[in-house]
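Subject: Structure handover and notes

Hello,

Here is the structure I promised you. Please load it first, then read my notes below.

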Amino acid sequence: MPCALETKFISNRLRSAGVLLLLLSASIQWQAASAAGVDAAVATGNVAPPADTQALESEQKAIAALRATLPRLDYQRAMYHPLHFKPAIDTATDGECLVCHAEVLDARVRMASPAGVRADRSSVWYQTLATYDGEQMNFHQRHLTSAYARAVMNLKCNFCHRGNDPREESPDFTVAAADMRANNGQAPFTLRKMVNPSTTCLLCHGAFPDPLQIMSLPGPWPEARKVMESPEQPNGCLLCHAAAFRTHRHRVSYLNAANIEDLAEESSDVCYGCHGGRAWYRNAYPLPRHAWPGMSPDVPEWARGRPVHSDARYALEPIEP
Ligand code: HEC
Ligand code: HEC
Ligand code: HEC
Ligand code: HEC
Ligand code: HEC
């Protein structure tokens with residue numbers, strides 16, 4: 001990763017850490033001022049609502065209570081622990097899951113594969129993006145604890161794990177009527193995967209949305225960018241997305257919208273990284289299409305039937321009916 005980008009997101013993190021400390025130390029004033037403060041931050045799409053001390057305290061209490069029950073749990077009871085199922089899964093905190101699953105963040109990748117290929121000497125195509133940094137990590141670490149993940153996202157265990165049925169290896173247990181459409185309108189089994197990729201991974205690992213039809217670009221991004229980018233203009237996406245199109249974006253609790261825009265000034269790989277640069281799928285997620293200032297009232301053919309708001313579970317702004 002280029003130094004500039006790295007320094008920038010580290011300084012961003014320090015800045016948000018600083019803000020958090022300030023908030024905590026002035027918690028009384030903060031509570032009085034919070035209504036105005038939170039509204040302002042959300043209105044500019046800046047940051048996820050700051051962790052409030054009350055929520056932190058109740059999380060600590062829940063963790064302590066859970067720990068106290070551990071001596072009475074055997075393996076089977078732990079496997080079928082109510083936290084794995086609805087409704088508890090919806091409000092479970094990462095700290096509670098980690099009481100029993102600390103290994104998902106602690107386990108490090110092997111130094112070398114059994115065949116002797118060293119991890120520190122290998123890289124794959126997506127690791128050539130300007131944002132990729134640091135030693136090889138496991139999947140959970142790359143989404144929850146890598147410096148870059150923490151800069152641009154705010155994922156929780158239950159963003160991906162919406163439940164865990166050990167028998168069906170599915171996030172959806174006894175399937176409730178409301179969940180019969182949990183899989184993008186389909187019944188909820190996706191080949192016995194523990195998480196539903198269509199509603200999680202696809203959001204950030206889909207293909208680049210049709211460059212010709214949707215964005216009127218001359219070709220695929222790796223070609224198109226050649227004529228749009230220069231050292232002075234390192235992010236070609238922003239030629240169109242800084243002010244002209246879809247400027248109302250990322251106002252969801254699992255993304256750090258302001259950090260994304262900040263980092264994106266240095267490289268289009270920030271944007272492309274979640275919109276085609278690490279594509280595990282040939283299709284793109286049908287993103288919500290929020291109205292933006294200057295938007296034409298005509299809805300293009302490809303956008304018919306798109307939602308106009310983020311998923312209510314994560315939206316930072318009230319959704320008008
Ligand atoms: C009281 C301990 C405990 C808690 C709390 C707990 N789990 Fe589990 N979980 C288990 C056990 C034991 C298993 C079975 C593990 C196995 O067979 O590999 C399991 C299985 C799983 C599996 C399937 C793993 C596999 O290899 O089949 C997932 C995914 C999972 N848990 C996620 C979570 C999440 C997310 C949370 C928080 C909402 C959570 N768990 C909370 C103990 C717990
Ligand atoms: C970005 C999505 C995502 C997030 C966030 C996430 N997981 Fe997972 N997790 C997965 C996927 C995908 C698998 C592999 C599922 C499969 O094999 O079907 C997995 C597997 C697991 C397993 C099974 C053991 C293993 O390592 O394969 C456990 C336990 C687990 N996750 C717990 C957690 C806990 C606890 C958290 C929060 C600290 C968490 N996960 C956050 C996507 C996620
Ligand atoms: C909110 C956006 C988001 C979601 C949802 C998401 N990812 Fe990612 N993923 C990222 C980002 C950002 C990175 C790069 C992190 C880094 O470089 O540290 C990444 C990296 C990866 C990597 C590379 C890891 C490595 O060590 O090189 C894999 C594999 C991956 N994601 C798979 C998945 C799968 C499978 C899911 C669904 C279970 C998923 N992701 C969900 C944003 C996301
Ligand atoms: C030549 C101008 C242009 C460039 C450069 C451009 N876009 Fe777009 N983009 C558009 C237009 C126009 C739309 C559609 C606006 C609308 O909703 O009517 C769009 C839509 C999108 C969408 C939403 C697609 C959907 O299905 O809702 C995403 C995501 C996106 N662009 C990401 C990017 C990224 C990432 C880059 C750089 C790698 C980029 N764009 C470069 C013009 C551009
Ligand atoms: C960490 C992953 C990530 C990064 C980095 C990222 N995006 Fe996104 N983007 C998303 C996700 C997830 C959504 C869907 C959010 C929602 O449901 O509202 C989205 C939504 C969008 C949309 C649709 C906006 C609408 O109408 O709601 C556009 C356009 C877009 N992104 C462009 C960009 C551009 C340009 C950049 C770089 C400045 C960028 N993205 C960086 C993950 C990312």
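This is a predicted model: local features need pLDDT of at least 70, side-chain atom pairs count only at pLDDT 80 or more; totals for chains, interfaces and linings use all residues.

Residues are numbered from 1 along each chain as its sequence is written, while chains are lettered from A and ligands numbered from 1 in the order in which they are written.

**Ligand 5**

The shell around ligand 5 holds 26 residues. A residue is near a molecule if its C-beta atom, placed from the backbone, lies within 6 Å of it. The closest are R246, A264, C271, C274 and S310. Helices here are DSSP runs of H or I, at least four residues long, numbered from the N terminus. The largest share, five residues, comes from α15. By class, the shell has 14 nonpolar, seven polar and five charged residues. Ala, Val, Leu, Ile, Met, Phe, Trp, Tyr, Cys and Pro count as nonpolar, Asp, Glu, Lys and Arg as charged, and the others, Gly among them, as polar.

**Ligand 4**

Ligand 4 has 23 residues around it. P209, M215, C237, C240 and C271 come nearest. Here α12, α13 and α15 each give two or more residues. The most, four residues, come from α13. The classes are 16 nonpolar, five polar and two charged.

Leaving out residues up to four places away in sequence, C271 touches N235, C237 and A264. Contact means C-beta atoms, placed from the backbone, within 7 Å.

Eight of the nine residues of α15 are buried. Buried means 20 or more other C-beta atoms within 10 Å of the residue's own; exposed means 12 or fewer, and partly exposed is in between, with C-beta atoms placed from the backbone. Among the buried ones are D269, Y272 and H275. The buried residues of α15 pack against α11, α12 (221-228), α13 and α14.

In α14, the buried residues are A257, N259, L263 and A264. Seen down the axis of α14, they fall within an arc of 165 degrees, so they line one face of the helix. The arc is that of the directions from the helix axis to the C-beta atoms.

**Core**

The largest nonpolar core has 15 residues. Such a core is a set of buried Ala, Val, Leu, Ile, Met, Phe, Trp, Tyr and Cys residues joined through C-beta atoms within 7 Å. A151, V152, L255, L263, A264, V270 and C271 touch the most other members. At least two residues each come from α9 (147-152), α14 and α15. Domain 1 (1-13 + 54-161) and domain 3 (200-321) both give residues to this core, so it lies between them. The domain bounds come from an automatic or database assignment.

**Backbone details**

- The K86 to P87 peptide bond is cis, with omega near 5 degrees. P87 lies in the loop between α4 (75-79) and α5 (88-91).
- S216 is not a glycine, yet has a positive phi of about 50 degrees. S216 sits in the loop between α11 and α12 and counts as exposed, because it has 8 C-beta neighbours inside 10 Å.
- H250, also not a glycine, has a positive phi of about 65 degrees. The loop between α13 and α14 holds H250, which counts as partly exposed with 18 C-beta neighbours inside 10 Å.

Best wishes

Definitions and conventions
Two residues are in contact if their C-beta atoms, placed from the backbone, lie within 7 Å.
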